[in-house]
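Please open the model in a viewer and keep the sequence panel at hand.

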Amino acid sequence: MRAAWGKRAGAAVLTAAMVPALAGLGAGVAGAWGPGTAKNPPKGFKSEKVDGAGMPAVTVRSWASTTTDPAKAPTVVLLDGLRATQDVSGWERDSNVAFLSQKGVNVVMPVGGTASFYTNWANTSKHGNGTYKATWGNFLASSLPAYIKSRGFSSNLSLVGISMGGGAALINAANNPGVYKRAAALSGFLNTSAPGMPVAVGVAMLDAGGYNVLDMWGGPFDANWAKNDPTVQVGRLKGTKLWITASTGEPGKYTPNPSPADIVQGVPLEILAKSQSEAFKAAADKAGVSAHYDFSSVGTHTWGYWSDQVWQMQRTGWFN
């Protein structure tokens with residue numbers, strides 16, 4: 001018992017030390033790109049408004065497979081980080097994974113969800129320019145799969161998220177085992193009810209735009225925290241194909257000359273993500289839940305490493 005308490009206390013200290021870094025969670029750089037251009041969109045591309053399942057309509061940008069029949073190609077849904085913007089997903093702005101559509105994969109990117117954790121919120125709150133009760137969980141469970149079907153895409157769905165979206169990918173897959181066959185958390189925060197995490201998440205949400213964590217999952221002892229914690233809920237992921245990655249925070253090829261922001265945010269955030277992903281692995285091993293793990297020795301909280309992981313999924317046939 002003394003050893004277990006020591007581990008939890010150590011985790012709390014680590015989390016507290018990460019609070020300043022969490023304030024920058026999910027930040028990206030500008031410069032959207034993907035197959036085609038805005039003036040000359042590629043074949044199979046659409047940007048449409050989709051029913052928000054109780055909240056305002058959500059923009060969904062999607063690319064149909066151009067090398068195989070979209071009805072037979074696997075479909076990947078990509079969830080963004082904490083600072084998701086309303087124009088395009090960070091996956092489109094800061095990575096090249098839309099080009100999966102040229103490798104036999106349908107690509108789907110919901111836009112928005114800043115500081116939402118892609119969950120159903122407990123209370124009505126201000127989001128962007130509107131005030132409503134966020135229902136991202138319902139959207140991912142019903143509206144988005146229905147839209148994907150209407151696009152003529154296959155229902156062979158994978159849910160992949162980075163940072164904030166990593167834990168959300170696992171929880172939404174656990175909540176919808178018949179909908180999402182695979183889930184991936186890349187540098188995700190997978191033990192959100194751990195000591196210190198509710199406070200750290202609350203600080204990050206405030207910094208991202210004044211969002212109130214109490215409106216999302218309530219206070220730190222509210223049951224919603226455990227309900228939305230992938231490590232606590234790991235047993236419900238049995239039978240779902242999982243891909244979990246995080247790195248040491250050691251700068252590598254995507255940050256050869258790390259900036260102050262890289263050091264202050266990218267390094268400690270990745271250290272925390274690795275610690276939380278390792279806690280998830282320990283719980284998964286105990287519960288008999290298998291997964292692919294990649295805890296590399298080099299890498300920070302940066303889009304380049306996440307893009308590499310998605311392309312590795314494609315090369316190894318994980319989406320199939």
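In which strand is S125 found? Select strand β5 (residues 125-127), where S125 is found; strands here are DSSP runs of E of at least two residues, helices are runs of H or I of at least four, and both are numbered from the N terminus. This is a predicted model, in which local features need pLDDT of at least 70 and side-chain atom pairs count only at pLDDT 80 or more, whereas totals for chains, interfaces and linings use all residues. Residues are numbered from 1 along each chain as its sequence is written, and side-chain values use heavy atoms, with hydrogens and water left out.

**Stop 1: S125**

S125 counts as buried because its relative accessibility is 8%; buried means under 20% relative accessible area, exposed over 50%, and partly exposed in between, with a 1.4 Å probe and protein chains only. Display D215 next: its side chain and that of S125 are joined by a polar contact of 3.4 Å. A polar contact is a pair of N or O atoms within 3.5 Å; within protein, one must be able to donate a hydrogen and the other to accept it, and residues adjacent in sequence count only if both atoms are side-chain atoms. Apart from neighbours within four places in sequence, S125 is in contact with G130, T131, Y132 and D215, where contact means heavy atoms within 4.5 Å.

**Stop 2: strand β3**

Now select residues 75-79, which form strand β3. Five of its five residues are buried, so β3 is largely enclosed by the rest of the structure. On one side T75, V77 and L79 are buried, and on the other V76 and L78, so that both faces are covered.

The bridge partner of T75 in β4 is N106.

**Stop 3: S158**

Centre the view on S158 in strand β7. Is S158 buried or exposed? S158 counts as buried because its relative accessibility is 0%. Its side chain makes a polar contact of 3.1 Å with the side chain of R182. Among the residues that S158 touches, leaving out those up to four places away in sequence, are T75, V77, Y180, W318 and F319.

**Stop 4**

Select A53, in the loop between β1 (45-52) and β2 (55-63). Its phi is near 55°, a positive value in a residue other than glycine, and A53 is buried, with a relative accessible area of 18%.

Move on to S187, in the loop between β8 and α6. The phi of S187 is likewise positive, near 55°, and S187 is buried at 2% relative accessible area.

G196 lies in the loop between β8 (180-186) and α6 (197-207). G196 counts as partly exposed because its relative accessibility is 33%. The C-alpha atoms of G196 and P220 are separated by 8.7 Å, with the two residues 24 apart along the chain.

How values were computed
Pairing = 2+ DSSP bridges.
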